[in-house]
Every structure is written in C-alpha cells, then in structure tokens.
Amino acid sequence: MTIKNNKSLHDLNTFGLEVKSKYFSEVNSVEDFYELIASEIYQQNKKLILGGGSNVLFIEDYEGLVIKNCINGISVVNENTTEVIVKAHAGEVWHEFVLWSIEKNYAGIENLSLIPGLVGAAPMQNIGAYGVEIKDVFHELEALDMETGKLLKFNLQDCTFGYRESVFKNKFKDKFFIVSVSFKLVKLSSANALYRFKTDYGDIKNTLSEMQVYDLNLKAVSDAVIKIRQSKLPDPKDLGNAGSFFKNPSVEKEQYEELILKNPVMPNFPQKDGTIKIPAGWLIEQCGWKGKVIGNTGSHKSQALVLVNYGKATGREVWNLALEIKKSVSEKFGVEIIPEVNVV
Ligand SMILES: Cc1cc2nc3c(=O)[nH]c(=O)nc-3n(C[C@H](O)[C@H](O)[C@H](O)COP(=O)(O)OP(=O)(O)OC[C@H]3O[C@@H](n4cnc5c(N)ncnc54)[C@H](O)[C@@H]3O)c2cc1C
C-alpha cells in the first residue's frame with residue numbers, strides 16, 4: 001500500500017476534469033485498507049472513496065485522501081436449483097460483472113448492462129435502468145466502517161434503497177467503504193424456464209425485433225440494452241460526462257394538476273406513493289438548455305439531462321451551468337431538481 005502526493009484524477013473521472021488530489025492510495029484488499037487506516041495521512045485528512053469516477057463532479061482539487069477501490073473477485077457463495085447468491089467485490093467493473101452473469105446464465109441484471117462504474121458504487125444510488133434497480137436483486141453488502149475499520153453487513157432493509165438513493169448517500173455518507181455486494185440471481189436452466197424477462201421498458205421490445213430476436217435470452221436482452229444506450233448517451237471516452245446530471249423530480253398531485261393545465265404535453269409518471277414523476281430532461285429542454293454550449297461545457301444536444309465537458313471545462317464551470325439550469329427550472333415550473341451526481 002502506497003500513498004501518492006498530488007495525483008492527477010484526470011483519467012479517474014468520466015467528466016475528464018483536470019483535478020488533483022492531495023493524497024491518493026489504491027486499496028487492493030481489506031488488509032490494504034487496514035494498513036491505510038493506521039497511517040497519519042488517513043487519520044489527519046478528509047477522505048473520498050473513488051470507484052470508476054462516473055458519478056462524481058470535482059469542483060476543485062481534492063484537499064484530502066482519495067482512496068481508489070481496487071478490491072476484485074467474483075464468487076458464488078450459495079445456490080439451490082433455481083437461485084444463486086453471487087458475491088462481487090467492489091472493484092469489479094459493473095458491466096464486466098453483468099457480462100459474467102450472462103455467461104453463467106444467471107438472470108436479473110441483464111437490463112443494467114453498460115452502466116459505467118464499479119460494483120462498489122452500485123448500491124450508493126441503487127443504480128437502475130430499463131425497469132430494473134439493483135434493489136430488485138440485492139442480497140447483502142459488506143462495508144468497512146471508515147472510522148473504526150470494523151467490517152459490517154447490510155441487508156436490504158439496512159440500505160433503505162430508493163430512487164437513486166440509499167443510506168450510503170444520506171445518513172452514512174462518507175462513513176462506509178463498501179467492499180463487496182452480493183446479489184440473488186435466477187438460474188436460467190430448463191428447470192426454471194419461467195423467468196420473466198423485463199422487455200416492456202423503453203425501446204427494448206422494438207430493438208429486439210429489429211435485431212430479429214424471436215427466442216428471448218439474456219445475451220439478446222443485454223445486447224438490445226447496449227444498442228439503445230449507445231445510440232442515446234454520449235460515451236465518456238469521446239465526450240466527458242457523468243450520465244444524467246439531475247434526478248427526475250416527483251411532485252404532489254396538486255402541483256401536478258397546475259402544471260399539466262399549463263403544459264398539457266408534459267410527460268408524467270404516477271408513483272405508488274401518490275406523487276407524480278416528471279422527467280428532468282423534459283423540464284430542462286423546455287427551459288431552452290438542450291444543445292446549448294456555454295464556454296467549455298453545455299447540455300448535450302440529444303440528452304438535455306446530460307451535462308458535458310467539451311474538453312477543457314473546469315468542474316466549477318460545469319457546476320455553475322448546473323446551478324443555472326436548476327434555477328431556470330425552478331423559476332419556470334416551480335419544481336426543484338436535485339443533482340444525481342455527487343458533487344465534491
Ligand atoms: C454515460 C453514463 C451513463 C450512466 N447511466 C446510468 C444509469 O443508467 N443508471 C444509473 O443508476 N447510473 C448511471 N450512471 C451513473 C454511474 O454510472 C453510476 O452511478 C455508477 O454506479 C457509479 O459508479 P462509479 O464506480 O463510477 O462511482 P464513483 O463515481 O467513483 O462514485 C460515486 C459515489 O459513490 C461513492 N463510492 C464509490 N465507490 C464506493 C465504495 N466502494 N464504497 C463507498 N462509497 C463508494 C463515491 O465516494 C461517490 O460519492 C451513468 C454514468 C455515465 C457516465
């Protein structure tokens with residue numbers, strides 16, 4: 001375990017921002033973490049765990065210790081004839097883990113193909129896409145208490161997952177280092193042929209039919225999701241971004257009724273709790289931001305919700321744009337949009 005000084009994080013955040021951390025260390029095992037926790041630098045500085053850097057916006061250099069999670073390994077910890085519990089360590093690349101499960105014919109996370117980042121960050125905001133969230137397949141996770149080093153287990157209830165939320169993003173923010181996540185997946189053997197693929201969401205069905213898939217299987221659903229995502233979202237390798245910058249807001253029924261009267265075409269999705277979800281991208285687009293370029297940053301031309309770095313943006317520039325967007329949505333609609341991205 002080594003601690004570096006003044007480390008560039010340019011290649012470690014998908015916005016591609018040129019920022020530095022005062023101290024930086026890679027953790028390859030729990031033992032590495034114990035060594036780190038005993039160091040003076042750990043004890044005297046603020047700390048940030050970093051996975052793939054695909055959901056963070058650094059507004060300035062990080063004046064503390066960045067801990068890059070590199071703990072790897074995937075194993076089956078329990079199974080019966082129909083289900084399997086798979087434990088993935090936090091440093092595994094999420095999409096590689098999805099491909100691994102497809103290869104093994106384990107179902108449940110195929111709709112979450114191609115989400116950037118590492119396994120350890122997946123519970124942070126209960127990653128979701130195409131009608132599936134990790135809470136649907138979550139079994140438990142192990143996390144180290146950042147203060148005491150104690151290894152604790154969290155079950156589904158402990159994590160209090162919500163829409164792009166968990167206890168780790170709120171009450172326990174920066175308090176735990178997630179080291180492994182276990183998922184309950186379905187074995188797609190002939191004995192369990194009743195698995196229901198989730199193809200109703202978005203363009204999955206159309207894409208499958210374009211691909212001429214008539215016999216559903218995990219690889220086909222994953223390929224369809226990958227195809228849709230690649231056609232809709234800018235690849236951070238080409239254009240720095242962190243996916244959706246804001247969460248979709250939910251409003252109370254009374255506010256929704258006022259809004260829909262003034263905006264009859266506003267897309268809306270009634271929620272189980274009685275609130276109505278409105279796509280943040282639509283709100284932002286109505287405020288005229290879609291495709292707008294401001295200096296080195298802007299809202300993407302085909303996805304208003306995605307803020308991008310055209311090459312030389314600073315985190316501060318991106319953040320100022322985000323604040324402007326938030327303000328204009330609030331002024332035009334009276335709706336508060338909240339960043340999904342973790343602002344550091
Ligand atoms: C093009 C693009 C598309 C995206 N699409 C989606 C999508 O469809 N659905 C979706 O939900 N998200 C999406 N995202 C967001 C992002 O991929 C996810 O939030 C992902 O889980 C972030 O993983 P990461 O390893 O990059 O986390 P990071 O960005 O490194 O970290 C995110 C947060 O988690 C914390 N953290 C990271 N690892 C740990 C750990 N081991 N223990 C404790 N805390 C930790 C960090 O401190 C930080 O606060 C997208 C991003 C991009 C760039």
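## A lysine at the surface

Lysine 153 is exposed, with a relative accessible area of 54% (exposed means over 50%, buried under 20% and partly exposed in between, using a 1.4 Å probe and protein chains only). Its partner is glutamate 140: the two side chains meet in a salt bridge, at 3.7 Å from N to O (a salt bridge is a side-chain nitrogen of Lys or Arg within 4 Å of a carboxyl oxygen of Asp or Glu). Glutamate 140 counts as partly exposed, at 21% relative accessibility.

## About the model

This is a predicted model, in which local features need pLDDT of at least 70, side-chain atom pairs count only at pLDDT 80 or more, and totals for chains, interfaces and linings use all residues. Residues are numbered from 1 along each chain as its sequence is written, and side-chain values use heavy atoms, leaving out hydrogens and water.

## The overall fold

The protein chain has nine helices and 21 strands (DSSP runs numbered from the N terminus, helices being H or I with at least four residues and strands E with at least two). Its C-alpha trace spans about 60 × 55 × 35 Å along the principal axes. Of the 344 residues, 51% count as buried.

Contacts (heavy atoms within 4.5 Å) also tell us something about the fold. Among those between residues at least 6 apart in sequence, 60% join residues at least 24 apart.

In total, the structure holds 16 salt bridges. One of them joins arginine 316 and glutamate 60, whose closest N and O atoms are 3.5 Å apart. Here the partners sit 256 residues apart, with arginine 316 in helix 9 (residues 315-333) and glutamate 60 in the loop between strand 4 (56-57) and strand 5 (62-69). Arginine 316 is partly exposed at 39% relative accessible area, and glutamate 60 is partly exposed at 48%.

Aspartate 203 forms another salt bridge, with lysine 232, and the closest N and O atoms lie 3.8 Å apart. Aspartate 203 lies in the loop between strand 13 (176-187) and helix 5 (204-210), and lysine 232 in helix 6 (residues 218-232), so the pair ties together parts that are 29 residues apart in sequence. Both are partly exposed: aspartate 203 at 32% relative accessibility and lysine 232 at 35%. Elsewhere, salt bridges that share partners join Glu133, Lys135, Asp136, Arg164 and Glu340 into one network.
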